[in-house]
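Please look over the sequence and the structure before reading on.

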Amino acid sequence: MGFINSSWFQPPTLLLTGIPGLEGVQIWISIPLCIMYVIALLGNCTILFVIKTTSSLHKPQYIFLSMLAATDVCLSLSTLPTVLNVFLLSHREIEFHSCLTQMFFIHTFSSMESAILLAMAFDRFVAISNPLQYTVVLIPPRIIGMGLAAMVRGVVLMAPLPILLKRLSFCKDVILSHCYCYHPDVMKLACGPVRVNIIYGLSLVLCSFGVDAVFIVISYVLILKTVLGIASEYGQLKALNTCVSHIFTVCIFYVPLIVLALIHRFGTFTSPLLHVTMANLFLFLTPVLNPLVYSLKTKQIRSAVHKLFKGRRNWLK
């Protein structure tokens with residue numbers, strides 16, 4: 001306790017939290033979690049494989065989808081060790097610097113995913129509003145540049161987060177609210193001045209996720225304006241149908257993210273179960289559902305996946 005009451009203290013370890021009140025059945029909860037991780041990793045790796053090996057899918061729309069799938073794989077892998085440790089092995093401890101490292105990767109890949117969703121919205125806007133210029137505007141070097149920009153932005157914006165946390169003293173507690181390390185959650189354990197952390201964290205949300213969300217909405221407003229100008233109802237439905245998968249993906253990414261941010265900012269009196277539920281939805285929902293949505297809703301992806309598994313069955317025979 002002498003260390004905790006001192007002017008500066010950095011805990012050697014922090015304690016992660018599973019689901020409050022359900023500690024006795026966490027081993028059973030680990031079964032659906034493991035299934036979700038298998039679906040997320042196998043599904044997104046399948047998407048990557050079929051896009052890479054199918055020449056007809058070497059188009060901007062599917063290249064952006066492969067970027068999204070790769071980001072989902074990385075996001076899943078960044079949370080996998082601690083989530084399975086907590087639920088499968090009941091091992092809650094995480095070394096302080098490992099926690100900061102995991103936090104950096106989670107926030108970086110989340111920022112990258114947001115930027116890629118914006119790029120995919122731009123892709124749909126160009127495809128619907130100016131189809132004749134589609135292949136001229138979205139040339140391979142430009143697509144690669146957009147992907148690199150998403151990665152660089154994520155790394156540059158999120159790198160200060162662990163640095164700002166390391167300068168703080170921690171004397172309130174060592175128990176986190178989630179089964180992974182999340183910046184607002186770690187920051188709440190600090191007893192030093194966190195004004196800089198709060199301002200920078202808010203700036204990050206506004207400059208990355210906020211700006212991306214605004215431009216995605218603008219893209220779809222312009223898309224809707226173009227679609228309403230199409231004479232035939234069939235043409236309107238066909239154009240909108242190409243956006244359904246992306247709209248669904250945007251919703252399952254941003255809705256839990258916004259709710260989680262509001263809970264951490266204003267939800268002092270909300271149930272701990274709500275904290276954990278929204279945190280898990282934010283990280284698990286998108287990587288699990290993205291490959292399922294695109295496989296079911298995108299005919300070209302569905303056809304390529306079908307050919308892949310049909311070929312494997314023939315090979316096994």
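Is phenylalanine 253 buried or exposed? Phenylalanine 253 is buried, with a relative accessible area of 1%, where buried means under 20% relative accessible area and exposed over 50%, with partly exposed in between (1.4 Å probe, protein chains only). This is a predicted model, in which local features need pLDDT of at least 70 and side-chain atom pairs count only at pLDDT 80 or more, while totals for chains, interfaces and linings use all residues. Residues are numbered from 1 along each chain as its sequence is written, and side-chain values use heavy atoms, with hydrogens and water left out.

**Aromatic pairs**

- A search of the whole structure finds seven aromatic pairs, a pair being rings of Phe, Tyr and Trp (its six-membered ring) with centres within 6.5 Å, counted as stacked if the planes are under 30 degrees apart, edge-to-face if over 60 and tilted for the rest.
- Phenylalanine 96 and phenylalanine 170 form an edge-to-face pair, 5.3 Å centre to centre with 70° between the planes, and both residues are buried.
- The rings of phenylalanine 253 and tyrosine 254 are edge-to-face because their centres lie 5.0 Å apart and their planes are at 90°; tyrosine 254 counts as buried at 7% relative accessibility.
- Phe104, Phe105 and Phe109 form one aromatic cluster.

**Exposed tryptophan**

- Tryptophan 28 lies in helix α1, helices being DSSP runs (H or I, at least four residues) and strands likewise (E, at least two), numbered from the N terminus.
- Tryptophan 28 is exposed, its relative accessible area being 59%.
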